[in-house]
Amino acid sequence: MDSRTCPWHALRFDTGGHVVKKYDAIVIGAGHNGLTNAAYLAKSGLDVLVVERNSYIGGATVSRELHKDWTYSNCSYVCSLLRPEISRDLELPRHGLQVVPYGGGITFMENGDQFGNFRDHERQYREIMRHSPRDANAYDRYSADVTKQTRLIRPFLLRTPPDPTSLKPRDLKELAMLARAFTEMGEEGLADTLKFWTMSVGDYLESFFETDVLKAHLAGSGIIGTALGVYSPGTAYVLLHHYMGDVDGTVGAWGFARGGMGAVSAALAKSLQAYGGEIVCAANVDQIMVRNGRATGVALKDGTEYHADIVVSNLDPKRTFLDIMAESDLPEDVVNKAKNFKIRGSSGKLNIALDGLPTFNGVHPDSTLMIGDMHFSDSLERLERAYDDWKAGAWSRDPYCDMLIPTLTDPTMAPPGKHMMTVFVQYAPPLINGREWTDEDRDAFGKTVIDQIGNYSPDFKDLILHAEVRTPRELEAEVGLTEGNIFQGELTFDQLLFNRPFPGYAQYRGPVKGMYMCGSGTHPGGGVMAAPGANAAREILMDLKRPNTVPGAYADD
Amino acid sequence: MSEYRDETMMLKTPFHSRVEAANELNEWDGWSGYTTPVAYTDVELEYFAIRNSTGVFDLSPMTKYRISGPDAEAYLNRLVTRDVSKIKIDRVGYVIWCDDEGQMMDDGTLFHLGKNDYRLCSYTRVMDWMSWAAMGFDVRIVDETSEVAALAVQGPTSCACLSAMGLTGLEELKPFGIKRFTFADTELMVSRTGFTGDLGYELWIEPQHAEALWDQLFAAGKHYMIKPIGSSALDLARIETGFLQAGVDFVPAQDTVRIGRSRSPFELGLSWLVDFEKPVFNGRKALLKESVEGSSYRLVFLDVEGNKPAANSFILVGPEQVGTVTSAAWCPTAKSNFAFAQVEAKYAEVGRELIAEIYYQRELHWTRLLAKCTVVAAAPFNPPRRRQTPAPMC
Ligand SMILES: Cc1cc2nc3c(=O)[nH]c(=O)nc-3n(C[C@H](O)[C@H](O)[C@H](O)COP(=O)(O)OP(=O)(O)OC[C@H]3O[C@@H](n4cnc5c(N)ncnc54)[C@H](O)[C@@H]3O)c2cc1C
């Protein structure tokens, strides 16, 4: 009997003539969203395969030992956005994930002073008071306002955005819910919200505070991963994006994944495997195979083919539509929209192994402030100048750094008494004056950052045992993020909600039947959140008319 | 003029000078007449010290009895429900004891220190009952609560901290084992025990060496993120791992006034501690009868839907109230919403769905929530490191 027509539909020939299995679904990319998506599909009983280009899983959610006995969270480094509903539902704690909250934070000032962001509210009040009594009090108004905005967005994280042009009952219902959430804010609240979603983080903070260093300390969240400056419209939302997560119900709190961010992907992978899913690494997808307008599987660069009627891409929209799909398989508007998708790279990162805990000027060596995010930009003006360099095609000479020492919290990432430092850097352009980065550029960029830290820590440079320097070039080449954009696409209003990645395709379905998207390039966007992956799984299961396995959001009151 | 002097109302533990210095929040509570900290700096971070590095809890106020004499083992076998002869020297056993009606008086840890030499640690005071029960036995019972200072050192780096302090070979100590070290020319006894469900140890020493022990421990533990913890963090950890607390999850039988308010070990899910192979022990007859006839209540573990802790909730089946929650928490490591409840025995089977009536308040607005919950067999936190020997270092 010709096996091509054999009754066991699961059997097919691969190009080499070997019999390969046909899967129910293939997920391209073992980023945390791909793994989440696959886990939910497997949980519903589907036979799922994840194909990952790298020899390790996780994408930008990864732990790597690049210096012996040191674990680096070498892309993402802190955790807050990860949906607790998903963590619990996929039993990630049982599979080894623990997220440990931290507090503290400092912005070092050029004049030798500093702003210490104490975890205790009263202690923080006194610290702000030192800079401005009025700001100390205004901080409460600021907190309440940010909380209002997070309460608006959080219920939509685990929902598929409605298509505003659709007349389907489900879309109308979801649109009505969205409208209700907005109207509940009242007329003034609504006006504030619209302003908030479009204004700059600089303007937003200036409506609360007068102290430069306080504004600068808070403004960082508005530009992380973003090719915009503190005075660019839209950056207030990016700040919100960093406040909308929580650790155990404390909205806006952040934590470290014990063992590095790879613990998130490792737990997701174990959960997926517990549901019977498979992962193949070192499997570089060349193309999503399409026949008669339907996805049929994936072809790897090495010629291997895997077959399935459902193919899900965890890649960013540009890679998905311009790289691993044939233009001839796509409607013209999708190709155009993918080409116009905004995904500019703007960040770099240093991961540093330290022989001991560095001391910082003006900070007690045992200060709990160091158990948080540390920065060196003490005014909005300096932040804006850092952006000016990026616009001019160079990395910032005076960069914004989001620097943390996870080993002050996590005992597993370095030998006792030694430390690991993660330094996220804004800004680094995808191209240097229009040309590719060279190794010399990378090293000079690394030196800029190390020098900046050294300016505030006399013993820092002497403690460095190893440093990994990553520019947009490395992020693109190693993680597969186009231009090194950390969110798989910019988080501006034109690319959020029903516009993410582009209008008409915001419900995780691609233009080809059986083809879906599940990465950070879809709603609700970037960050280690697992929501895009879960939301996409819910849509796929709906199309397959299978029972939903994806949990709804906790009531957020 | 007559001179009248009295002691201060609250006592201080042998670690007080250090505890006080570390207690930045200045939040205090009382425990058996001693001043003890509720929290030092931040309950959440203290809880995570237990689960991620090392948390240190001053255990000194714990009631401790020394029970010795030729009949000590025989006596204890009469007192508690499990077979004490199976607890070897240098081992610790978790024990419970009941009144003659088979109602639970308390639970505790029994340290077998030498031949016919034991220490019983308990939450409640038991001198009266133990003295009654001692009739006819040749034993000496001494309350040594104030003569022994104790610290619980709990968490994944606890073995590393103590090893760094010079307690070599500690990693080989099995759960519920006892090992003795020399510290400042005196004996430091270490047991691999605790109330957190994690890797952890308890340290026992003469009070005059307490401060030195604290200082050395914290110096050695610095690189392992050692932190003092208060009672709030400990309470969260014990709920997450399913440990009962006398006075919270059951009323010690001797304290009950109203009929039907005490509970038996069966009702509290502790039947594994009742050994009917033993011919006599206090409460045996009543317990035997209950084991045949069935119990009225059952303490169950509940996995509660959503993220609102079911503290003090009524448990419902349809409109009918069938139980109440005794302990509840959102568990930060297990990431689950967990509760202990007393329910009518017929609603207690694993897998059974019940409803918790939860009340919570936001900005002075109360909401009533009927949350689905499921009876589960075990508490959500039970890591392998709790049992591993050699003990892991992080
Ligand atoms: C430097 C940096 C710092 C960050 N910091 C934080 C942070 O602290 N906190 C936070 O919440 N978020 C942070 N982020 C953002 C967050 O990490 C990402 O948004 C998120 O991890 C993206 O997950 P994903 O699953 O959507 O996609 P990705 O992680 O991008 O996964 C895509 C996967 O697809 C694979 N792939 C690509 N091409 C192919 C192919 N052709 N065939 C097969 N597989 C392929 C890739 O190797 C990758 O594994 C950071 C990101 C970066 C880069």
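In this predicted model, strand β15 of chain B, residues 314–317, runs antiparallel to β16(B), and four bridges join the two strands. Within this pairing, B:V317 stands opposite B:E320 of β16(B). Two residues lie between the strands of the hairpin, where B:G318 adopts a positive phi near 60 degrees.

Strand β16 of chain B, which spans residues 320–331, is mostly covered, with nine of its twelve residues buried. β16(B) also pairs with β17(B), again in the antiparallel sense, over eight bridges. In that pairing B:T324 faces B:Q342 of β17(B), the two residues standing opposite each other. The hairpin formed by β16(B) and β17(B) has four residues between its strands, and B:K335 takes a positive phi near 50 degrees there.

| Hairpin | Bridges | Residues between the strands | Residue with positive phi |
|---|---|---|---|
| β15(B) and β16(B) | four bridges | two residues | B:G318, near 60 degrees |
| β16(B) and β17(B) | eight bridges | four residues | B:K335, near 50 degrees |

**Contact between chain B and chain A**

The contact draws 30 residues from chain B and 25 residues from chain A. Interface size is often expressed as the accessible area lost when the parts come together. Between chain B and chain A the buried area is about 2,300 Å², and carbon and sulfur atoms give 50% of that area. Which three residues supply more of the area that chain B buries against chain A than any other three? They are B:N52, B:M225 and B:K335, which supply 28% of that area.

Five salt bridges are counted between chain B and chain A. The side chains of B:E44 and A:R119 meet in a salt bridge, with an N to O distance of 2.5 Å. Residue pairs in polar contact between chain B and chain A, both at pLDDT 80 or more, number twelve.

Several elements of chain B, namely α2 (43–52), β14 (297–304), β17 (336–344) and β18 (353–362), each contribute at least two residues to the side that touches chain A. The largest share comes from α2(B), with five residues. By class, the side of chain B that touches chain A comprises twelve nonpolar, eight polar and ten charged residues.

Definitions and conventions. Residues numbered from 1 in each chain as written. Chains lettered and ligands numbered in written order. Predicted model: local features only at pLDDT ≥ 70, side-chain atom pairs only at ≥ 80, totals over all residues. Heavy atoms only, no water. Contact = heavy atoms within 4.5 Å. Buried area = accessible area lost by both parts, 1.4 Å probe. Salt bridge = Lys/Arg side-chain N within 4 Å of Asp/Glu carboxyl O. Polar contact = N/O pair within 3.5 Å; in protein donor to acceptor, adjacent residues only side chain to side chain. Nonpolar A, V, L, I, M, F, W, Y, C, P; charged D, E, K, R; others polar. Buried < 20%, exposed > 50% of the residue type's maximum accessible area, 1.4 Å probe, protein only. Pairing = 2+ DSSP bridges.
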